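Please keep the sequence and the structure at hand while reading.

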Amino acid sequence: MIDMQPIMKLMKSQTFDEERALYGSQGIVLENCAFDGPADGESALKESRDIQLSHCFCNLRYPFWHDKGVRISDSELTQLCRAALWYSTNIEITDTKLHGIKALRECSKVKMSGCDIISPEFGWSVANIMMQDCSAESEYFMMRSVHIDFQNVKLKGKYSFQYIRDSVFEHCEFDTKDAFWHAKDVVVRNSVVKGEYLAWYCENVTFENCKIIGAQPLCYCKNLKLIDCEMIDADLCFEKSEVEATIVNEVLSIKNPLSGHIYVPSAGQIIRDDENSYGEVILQNE
């Protein structure tokens with residue numbers, strides 16, 4: 001039996017500015033098209049299926065809502081392209097600028113590579129997202145998302161990865177305050193994580209071969225693990241945390257770890273003023 005592939009309709013070098021310009025489209029390829037103009041219409045491709053865009057310019061609001069099968073490459077979603085992808089699934093975005101607020105939300109089965117993201121509140125409640133070789137600027141980045149797989153992603157932001165679950169990050173660079181709060185079942189490998197108050201209230205989180213930079217990291221954690229990590233400018237670490245850690249350099253101060261073992265060459269200060277904190281700090285240079 002022959003597997004018949006759907007016939008795709010090609011649309012080239014056209015401009016669309018009306019409301020729901022291509023609503024409910026199925027099986028279309030858009031090349032060098034623009035969603036822009038005086039009519040200022042919203043929701044251009046809402047409720048569409050199997051759509052491909054390359055070298056397109058999206059300058060209007062809410063273009064990809066409730067879609068299935070979206071491929072976007074070498075395109076630009078401008079600052080005016082607000083809330084671009086919501087409630088959609090089977091998405092692939094490559095070599096594209098996403099510069100509108102809330103660019104990705106409540107979506108699933110997402111692959112991104114080579115993208116430039118400047119988008120406050122990006123990636124909320126997303127399931128199954130793979131991101132590779134991307135850069136991002138965002139606040140509350142990826143909040144409440146699950147099954148995140150990031151490779152070589154650079155982030156500048158605040159309050160990132162809060163309440164995420166079941167995720168893996170490798171070879172990443174994150175400069176972000178209050179990251180990984182309430183995260184659960186997460187592994188971060190071979191990465192740099194910079195920012196204050198890292199991963200408070202997290203559970204089953206592991207940092208392996210990471211550089212951790214910033215004040216008061218890793219407090220009130222459950223089943224926290226650090227494997228051969230470097231900690232820089234880190235004071236008052238591990239307060240009230242259940243932790244098993246191997247640290248490769250001197251730490252400024254460690255305060256009242258709740259339980260577990262912390263292996264460290266030396267510590268500027270070990271604070272013990274809570275009789276219910278039983279975590280052991282083992283100084284390896286003594």
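## Burial and the overall chain

A residue is called buried when its relative accessible area is under 20%, exposed when that area is over 50%, and partly exposed in between. By this cut-off W181, at 19% relative accessibility, counts as buried, whereas Y201, at 37%, counts as partly exposed. The model discussed here is predicted, and every value that follows is computed from it.

The chain has 286 residues, of which buried residues make up 49%. Its secondary structure comes to zero helices and 29 strands, and its C-alpha atoms fill a box of roughly 70 × 50 × 25 Å when the box is taken along the principal axes. Among contacts between residues at least 6 apart in sequence, 5% join residues at least 24 apart.

## The nonpolar core

The largest nonpolar core of the model has 80 residues, and the members with the most contacts inside this core are F180, F207 and F238. What does F180 touch, once residues up to four places away in sequence are not counted? The list comprises S160, F161, I164, F169, F174, V186, V188, L198, A199, W200 and C202.

## Aromatic pairs and a charge over a ring

A search of the whole structure finds 24 aromatic pairs. One of them joins W181 and Y201: the ring centres are 5.4 Å apart and the planes stand at 65°, so the pair is edge-to-face, given that planes over 60 degrees apart are assigned to that class. W181 belongs to the loop between strand 19 (173-177) and strand 20 (184-189), while Y201 belongs to the loop between strand 21 (192-194) and strand 22 (203-208), so this pair ties together parts that are 20 residues apart in sequence.

An aromatic ring also takes part in a contact with a charged group elsewhere in the chain, where the charged end of R144 sits over the ring of Y163, 4.2 Å from the centre of that ring.

## Salt bridges

How many salt bridges does a search of the whole structure find? The search finds eleven, and one of these is formed by R61 with D40, whose closest N and O atoms are 3.3 Å apart. R61 lies in the loop between strand 6 (57-58) and strand 7 (64-65), and D40 lies in the loop between strand 4 (34-35) and strand 5 (49-54), so the bridge ties together parts that are 21 residues apart in sequence. R61 is buried, with a relative accessible area of 19%, whereas D40 is partly exposed at 37%. These two residues, together with E42, are linked in a network of salt bridges.

E121 forms a salt bridge with R105, the closest N and O atoms again being 3.3 Å apart. Because E121 lies in the loop between strand 15 (116-118) and strand 16 (127-139) and R105 lies in strand 13 (residues 104-105), the pair ties together parts that are 16 residues apart in sequence. E121 is partly exposed, with a relative accessible area of 23%, and R105 is buried, with a relative accessible area of 10%. The side chains of E239 and K255 meet in a further salt bridge at 3.9 Å, N to O. E239 lies in the loop between strand 24 (224-232) and strand 25 (242-247) and K255 in strand 26 (residues 251-255), so this pair, too, ties together parts that are 16 residues apart in sequence. E239 is buried, with a relative accessible area of 14%.

T176 is found in strand 19 and, at 2% relative accessibility, counts as buried. Not counting residues up to four places away in sequence, T176 touches L155, G157, K158, Y159, S160, K194 and G195.

S25 is found in the loop between strand 2 (15-16) and strand 3 (26-31), and at 13% relative accessibility this serine counts as buried. With residues up to four places away in sequence not counted, S25 touches L45, S48, R49 and I51.

Notes
Residues numbered from 1 in each chain as written. Heavy atoms only, no water. Core = buried A, V, L, I, M, F, W, Y, C linked by side-chain atoms within 4.5 Å. Buried < 20%, exposed > 50% of the residue type's maximum accessible area, 1.4 Å probe, protein only. Contact = heavy atoms within 4.5 Å. Phe/Tyr/Trp six-rings, centres within 6.5 Å; stacked < 30°, edge-to-face > 60°. Helix = DSSP H or I, 4+ residues; strand = E, 2+ residues; numbered from the N terminus. Lys NZ or Arg CZ within 6 Å of the ring centre and 35° of its normal. Salt bridge = Lys/Arg side-chain N within 4 Å of Asp/Glu carboxyl O.
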